[in-house]
Amino acid sequence: MSDPLIDIRQLVKYYPVTGGVFRRHIADVKAVDGVDLKIERGECLGLVGESGCGKTTLGKTILRLHDATSGRVYFSQPAARIEEVEKMLASGRPEERRKAARQEVDVTAMNGRRLRELRRKMQIVFQDPSNSLNPRMLIKDIVAEPLVAQRMVKSREVESRVLELLGVVGMGAGHLKRYPHEFSGGQRQRIAIARALATSPEFVLMDEPTSALDVSVQAQILNLLKRLQRDFKLTYLFVTHHLLVVKYTSDRIAVMYLGKVVELAATPEMFRQPLHPYTKALLSAIPIPDPETGRERIILTGDVPNPVDPPRACRFHPRCRYAKDICREVEPRLEDAGQGHMVACHRWREI
Amino acid sequence: MEKLIETRDLYTDFNTFEGVVKALNGVSVVVNEGETYGLVGESGCGKSVNVRSMMRIVQAPGRIVSGKVVIFFRAEDRSRGIDIVERSEAYMTSLRGDSISMIFQEASTSLNPVLSIGYQIGESFHFHRLTQMLQETIADLDGELSRPTWILPRGWKRLQKSLLARELRVLTHYKDRIDRIDHELYGLEDKSDGAAADRRHLLNRRRDRLQKESTVAEIFKRVPLVRSYQRRVERTVRRHVVELLRSLGVPNPERIAASYPHELSGGMQQRIVIAIALACHPVLLIADEPTSNLDVTIQAQIIDLIKQLKKTAISSVLFITHDLGLVAEVCDRTSVMYAGDISETATVKELFRNPLHPYSQGLLRSVPKVEQTGELATIPGGVPNLIAPPSGCRFHPRCPHRMAVCSERKPNLLEHSAGHWVACHLYSEGTR
Amino acid sequence: MGNEIAPVREASPSRHPGWQELAFSLRRLFKNPLTIIGLTIILFFVFLAVAAPWIAPPPRPHDPYLMPHSGWDMTPSPPSVKNPLGTLPSQYDILYGVIWGTRNAFRIGLAIVLANLLVGLVLGAVAGYFGGLVDEIIMRVADIFYAIPLLVIAMALVIALGRGLQSVVLALIILQWPTYTRVIRSEILVLRNMDYILAARASGSSHLRILFRHVLPNSMFSAIIVASMNVGVTILIVAALSFLGLGSDTGYADWGAMVATCRNFIVGPPGNRLAYWYLVFIPGFTIALFVLGWNLLGDAVRDVFDPRMRRR
C-alpha cells in the first residue's frame, strides 16, 4: 500500500448562519461534516453527489481556498509521519498538540510561505470558464500568473513556458495576446487547464470541468484531461454530478450525501454492485443514452434536505425506502464491504 | 397520426451589432398528436430559437423572416390548418397558455417572487377561462341564494350575481364577435390578392381592438369596491388551482398555493411552473431544457411527472434538451439540429440504432455510456459562427465524409426510410 | 488533439489587443448622437479654459481670476459693444467671468472628483475585499455621512473651515467619498466570488496582487462612470455654495459667485421685470450646459466601459 497523496481526516467545514439585528450566530450550514478520505497517488478519484452534498466545498477546503472548521488534511506525507501526528493529537495533551503543529504537515494549519509553496503542488480547474478567466487580462498573463506569483521562472522565460503550456492543451502562439471573450467555451477551459498546469502540480482538483460545455466539446476536454494525467503523472479529484462522466474518467468513486461520504468503491464495482440505497437511486436516475434499456427507475420522494438541519443519525433515512429504527437512531459509519468497497449503511447486507 | 403543429421552412434572423445572425436556416418540424417530440442539439444550434419562433416570442433583434408555422388543432379544416406567422399578437396571446404552453429552464426566474403561487397559477384561469369561472361563480351564488339566508347578505349576493352575470354577457358577446372574425380570417387565408390582404389587415385590427376592449374591464376591476365582488371569482379560481396542484401530486396544496416561490425548493418550483403551464389543459407543452439545472434525482421526478401527464392531461410534448440520455428516456421521435439546420429526424429507437447524419453519429459516439470502452470519439473543431456560417451544408468543415458538393449546396431534408429523414448529400439520391 | 479553429475575430498583429478593444468601443460610441453632443460641449469648454489667457487677457496677471471692472456703478449694464455679455453690479464683465469661470470650474470639479475617486477606491476596495469588521466600520461611517443632507452639512463645514473656495473644495472632498466607496464596494462584493479571484489565490498570489491585478481593474470602471457624471453635480453644488455666499468673494470668476452678486437684481423694476435677464441667464446657462456636457460624457463613458453593454 503506497503512501496516499492526500489523506483527509475528519474534515469539517461549517458556514455560520447569522440572523437578527446583531448578526448572532444562530445555526451552521454543515457543508462538510466529518469526511475521511485517502486519495492515492496517480489515481483519478471521482466525487459525486447532488447540490448541497458538499463535494465542491470539500475540494476547495482541501486546497485551502476555504479554511476548515476542524480536521486535518495531509499532503504528500509518509504514512508513518501521519500516524505519528495523529497519535499526538489523539492523546489530548496540549503539549502534544503543539508538537504536532510544529511538524507543519497539516494543510489546514499551514500559513505564509509554506502554504504558498504548497500551492505549487495543488491546483484547480473551475466549472465555468467564463468566470474563471479574468476578462480584462490577456491569455498570456492569465496562464503566466501562477509562474509569476510563485516566482518560478525568470521574466524572459515566461513567454516560452506559456507557449509550451498552451501547446500541451492544443492551443497555439496566435492565441497569446487575446482576451478570453474571443474564445469559445471549450477553448477557455483549455486555457484554464493550461494555467492549472503552469506550476507542474501533483494534484489537480477538477470542479465540474465539463458541466458548462457542450456535449461534443466535453468529449474533447475529457480526453485531454485523461491524456494529461497520463503524460504528467497527475492525481485528480474529479468533482461532478454527472455519473456517466465520472465513470469514464475515474478509477474510484466516492458518493457524498449531505456532507458525508456514504459509499466509496472502484468504478466498475460501484456500477456493478452499488450498496448504499442513495447510490442505487442515483444510478437509476441517470438518463442513459439508450432507448432500449428498459430498466427500473427508483424515484426518490421528497427533496434534497437542507444542510443547515440535516436529519439525525443516518442522513438519508427520511428518503430511504429501507429505513428501519436503527437508521433513525444511530449514525452509520463507513465499513469495509470487501476489497476496499466502503459503505455507510446499517443494512447494506440485506438490501 | 394526426398532425398537431408544423413548421415549414422557417427562417429566423437576429439583427445584431456585429451582423445578421442566421439562426434558423429553413427548419421544418412536424409534431403529431400524442407524441413526445425531442429537439436535440448543442448550444447555438437554434433549438430554442425554433421553438420561440413557433410561439412567436422571439425577442428583438430577432424576427421571423420567412416560413410558415401551421397549427391544426384550432382549425375548422383539420387538413389545412392555420398559419400563425401572420396572425395578430392578440391572437397569439389567446393561443399561448391556452393551447400551447411553454416551460423554461430556470424555474426560479419563471416565477414572480412577489406574487403568491396561487395567484400565479390562477392568472392562467383568469385570462383564458374567465367565462367558465364566471359561470361557476354564478352557479355557486345561485346555489347559495336558493338556501335561506339573512336579508343583507342575500341582497349582497344578488347584487354580485347580477354584476357577474352582466360581465359574463359582455364577455360572451365579445367572444362571439371575435369568433366570427376568426372564421372570416380563416376563409381568407389562402387568398393572396390585394383586396383579401386589405380585408385581413382590417379584420386583424378589429380583432385586436375587441380583444383589448374585453380586457379593459380588468383595470376597472382593480377599483376597491368593484374588487369585492371579484373575490368570489377568485375563490372559484383558487378552488381550481388547488385541484390542479393535487392532481400533480403536490402535497398540502392549499398551503403551497398560499406560499411564495422562494419558500419552495427547485424541484417544487419547477412543478409549479408545470402547473401554470397546464392550467388550461393545453394541447401542446413545450419544455425548453426544463431539468438542466436540477439534480439528477429531482430531474427523475420531474421527468416521471411529465410522462404521467402525457397520459392524462396533455396531448403532446415538445422537449428540448442537449442530453441524449433524456431523449432516449422521454421522447418518441426526435430531430437533431446543428447550427440552424435540422440534420436528422427519426424515431428515437431508429436514431440511436442507426444514425445516418455524420453529426448525429459523432454526437452519439461522444457521449459517455455505461458500457464505454476506449476513448470517447470527438468531433473536431467547434460550432460555427452564425453570422458568417459555412456555405452549403453548415456541418461540412467538421464532417469526416465531406464531399465537394457539401460546400456548394445545402442538402435538403429527405426521407431516407419510413419516418427517418436526413439532410445530407451522402444520402441525397435516396440510396446509400 | 488537433488545433482549435481560429478565434472569432482576426486580430491585426500590429496593434495591442487592448487598443483594439478601445478602438472598437470608441467606434461604436460615436454612432450615438448624444455622445457627440456631449463631447462637443466639453471640448468647447476645454477650449475656453485653455485659451482663456488669449481671448480674455487678465488685467491683473498675478491673479487672473479677479474680474475686471470698469467703474463702480452698482447697476448692472446690459450687453453692449464694450461688454459683450453685459456686466454685473459694480461693472464686472460677465464675458470675462464666464471664460475664466470655465477654468475655475474645471480646476475645482476635477480636483474634487479625482480626490474623491482616490479615497473611494482605496476605502471601497478595502471594505469590499477584506470584509468583516473593517467593512462594517467604513460602511457605518459612510452611513453617518449620508444621513445628513449634503448641502446643509457642506455649509456648516465651510463656515467652520472659514469661507473661501479652498474650504468649499475641502468640504466637498470630505463629504462626497461615500458615494464612490459604496459603488466600488458593491462591485467588489460581486467580484469577490468570481472564480478567477479564487484561481489567483490558488496560484499563490498575494492579496495585494489580487487587488491590483484582478479586483480593481474590473471594478473601477463603475466608479469612473460615477465620477464623470459627478463632475457636473459637483460644479452645481459649488455654484450653490458660492451663491449662498460661502465660496469665493465678490469679483472672483466663479459662476455661482457671479449670480450671487446679483441677488438684488434678479427681478427688475416694476414694468420691466426682465430688465436684468442676462445676470441670471448667462451664468446659469453656462452652468447648465457644462453639467449637461458632463452627464452626456458620463453616459458615453459608461457605454464604453460597462462590461454588460459589451457586444459579447
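The largest nonpolar core in this predicted model has 283 residues, and the residues with the most contacts inside it are Val143(A) and Val255(A). Helix α8 of chain C, residues 207–243, gives this core its largest share, 17 residues.

Setting aside neighbours within four places in sequence, Val255(A) is in contact with Val48(A) and Gly49(A), with Val261(A), Val262(A) and Glu263(A), and with His276(A), Tyr278(A), Thr279(A) and Leu282(A).

**Chain A as a whole**

Chain A contains 13 helices and 11 strands. Its radius of gyration is 21 Å, close to the 20 Å that the globule rule gives for 351 residues, so chain A is as compact as a globular protein of that length. Along the principal axes, the C-alpha atoms of chain A fill a box of roughly 65 × 65 × 55 Å. Buried residues account for 49% of the 351 residues in the chain. Among the contacts in chain A between residues at least 6 apart in sequence, 65% join residues at least 24 apart.

One residue of chain A to visit is Gln218(A), which is found in helix α9, residues 215–232. Is Gln218(A) buried or exposed? Gln218(A) is buried, because 26 other C-beta atoms lie within 10 Å, where 20 or more are needed to count as buried. Apart from neighbours within four places in sequence, Gln218(A) is in contact with Thr210(A) and Leu213(A). The C-alpha atom of Gln218(A) is separated by 24 Å from that of Leu163(A), and these two residues are 55 apart along the chain.

How many of the 13 residues of α10(B) are buried? The count is 12, so α10(B) is largely enclosed by the rest of the structure. Among these buried residues are Gly267(B), Met268(B), Gln270(B), Arg271(B) and Leu278(B). In α4(B), the buried residues are Ile117(B), Gly118(B), Gln120(B), Ile121(B), Gly122(B), Ser124(B), Phe125(B) and His128(B).

**Where chains A and B meet**

Across this interface, 36 residues of chain B are in contact with 32 residues of chain A. On the side of chain B that touches chain A, at least two residues each come from α10, α11 (296–312), α12 (324–330), α13 (348–353) and α14 (358–365). The largest share of that side, seven residues, comes from α11(B). Sorted by class, this side of chain B has 15 nonpolar, 13 polar and eight charged residues.

**Confidence**

For the complex, the predictor gives an ipTM of 0.86 and a pTM of 0.85. Chain C has a mean pLDDT of 82, with 92% of its residues at 70 or more. Where in chain C is confidence lowest, and where is it highest? The lowest is in helix α1 of chain C, residues 17–29, at a mean of 73, and the highest is in helix α7 of chain C, residues 195–202, at 92. Over residues 1–14 of chain C, the pLDDT is below 50, and this stretch has 21 contacts in the model beyond near neighbours in sequence.

Methods. Residues numbered from 1 in each chain as written. Chains lettered and ligands numbered in written order. Predicted model: local features only at pLDDT ≥ 70, side-chain atom pairs only at ≥ 80, totals over all residues. Helix = DSSP H or I, 4+ residues; strand = E, 2+ residues; numbered from the N terminus. Rg over C-alpha atoms; globule rule 2.2 N^0.38 Å. Contact = placed C-beta atoms within 7 Å. Nonpolar A, V, L, I, M, F, W, Y, C, P; charged D, E, K, R; others polar. pLDDT = per-residue confidence, 0-100. Core = buried A, V, L, I, M, F, W, Y, C linked by C-beta atoms within 7 Å.
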